[in-house]
Amino acid sequence: MSFMRGLRYVTVGLGLAYLVPIACGSGGVVGGECKEGSPPDCLGTGATAGGTGNAGGSANTSGNTNTSGNRPGDAGNGTGASAQGGDGELTDGGIFDSPLDGVADGGPPLMCLPPHDSPSHCGDCETRCIEPKPLCAPDGNGSFECVPLCDPPLIECQGQCVDPDSFKSDPDNCGSCGHECPSDICQDGKCVGARFGHIALLCMDFGAAAADSAPATLLGNALFVPTANPVHIMAYTRGASASAINRTNSLIASAAGARGRQAQISDAKTPEAVTKNLNINDFQVLLVHDLDQATPGEPAAAATAWASAKVLSSFARAGGVIVVLDGSDGTGEMNELISSANLLDGATISSQNEIVNQQLFNNAPFDVVGVNVLSPFLTSSHTCTFDTDAMPSASTIFVVTDDESGSGLPVAIHRVIAP
């Protein structure tokens, strides 16, 4: 209990405190006479300090030695100590004209009064707002109701409203809010270790490529970088022509047979299917077909959504392989998909330029994507070069270019993602 002049704190319910007037205490005087039942504008204090005790008398004079055997007198008592008075006791001095009078006089608990707009009394006296609805807000009908911190399907996580689907790939909240991955990689709601990943960008349409051609070898090399057998491939096909998909799948089957391997292909027909299902535990490769029949703007929009969810970067850093095909025809927006998905680590591809009946050169015959690719070889239909501000480096290899010196425009780019 705390005191202010003429007021008392009364605690009710869940930590709610009210100031109510009190009567004077029964102790001593403060600035004037204060008695029980007086108006509540004064408080009693302790009694007046006790008086000073009388000093003891002087020691008796020693008795004279004489023949009658008298001895010296005993010493008197010492000086008395001051006695301090006790504190006055505060008591209710009368009846209050107040709705809180019951508590002040030791009566029944206080009444719960409107408005019922607090988490401890929300809508009525009995309703308390607790998780998962800890807040009290207007219900639109003149009363109040308990509400969550975030509008569904969003949930609160570390002070922010987030989509729980993000827990599938967010390394800071992997599987659940606050669960951090030491590797900084989250796949399908589970922390996974970091491994070398790969991104292969092929400016080729494989609709007319022969099974034993250099373009088919490039495709097979990229898809079978993972050692798993069978290799599980997620193929994003929204906006790709059926004939090109079928021909590409035929080339994949031929490449698998030539390597003594197997491939299992699962189609993803929406951007959301990639966001929700791409993870290193179920797939080793994401193959993005040439989306030459896509609605304008769709390829870039899909890539932006993937980048926002960090699904592609997380997949590659977990050891996944991403292969993107670009035939430069139709909608012609695969360069925008590559740039929006940030597959070149900040670099972009401004355009792709179709080339016909031109020699191309394998400048990286020892690279995992370039191995066993003949050089030079002639372009097939819908082959193109990337007009990009990316620069060749130890991790970004221009495998095939339109110039024998390796300084020309790239046709096939291999980017290694270090763990």
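User: Cys 136 first: buried or exposed?
Analyst: Cys 136 counts as buried, with a relative accessibility of 18%, where buried means under 20% relative accessible area, exposed over 50% and partly exposed in between, computed with a 1.4 Å probe on protein chains only. Please keep in mind that this is a predicted model, in which local features need pLDDT of at least 70 and side-chain atom pairs count only at pLDDT 80 or more, while totals for chains, interfaces and linings use all residues. Residues are numbered from 1 along each chain as its sequence is written, and side-chain values use heavy atoms, with hydrogens and water left out.

User: OK, and which cysteine does Cys 136 pair with?
Analyst: Cys 136 forms a disulfide with Cys 122, the two sulfur atoms being 2.2 Å apart; a disulfide here is a pair of cysteine sulfur atoms within 2.5 Å. The pair links distant parts of the chain, since Cys 122 lies in strand β5 and Cys 136 in strand β6, 14 residues apart, with strands taken as DSSP runs of E of at least two residues and helices as runs of H or I of at least four, numbered from the N terminus.

User: What about Cys 122, and which hand does that link have?
Analyst: Cys 122 is buried at 3% relative accessibility, and its link to Cys 136 is right-handed, with 90° about the S-S bond.

User: Switching topic, how many disulfides are there by this rule?
Analyst: The count comes to 8 disulfides by this rule.

User: Where do Cys 150 and Cys 161 sit?
Analyst: Cys 150 is in the loop between β7 (144–147) and β8 (155–157), whereas Cys 161 is in strand β9 (residues 160–162), so that the pair links distant parts of the chain, 11 residues apart. Their sulfur atoms are 2.0 Å apart, and the link is left-handed, with -90° about the S-S bond.

User: Last one, how far apart are the sulfur atoms of Cys 112 and Cys 125?
Analyst: The sulfur atoms of Cys 112 and Cys 125 are 2.3 Å apart, and the two residues form a disulfide. That link is left-handed, with -105° about the S-S bond. Cys 112 is partly exposed at 27% relative accessibility, and Cys 125 is partly exposed with a relative accessible area of 25%.
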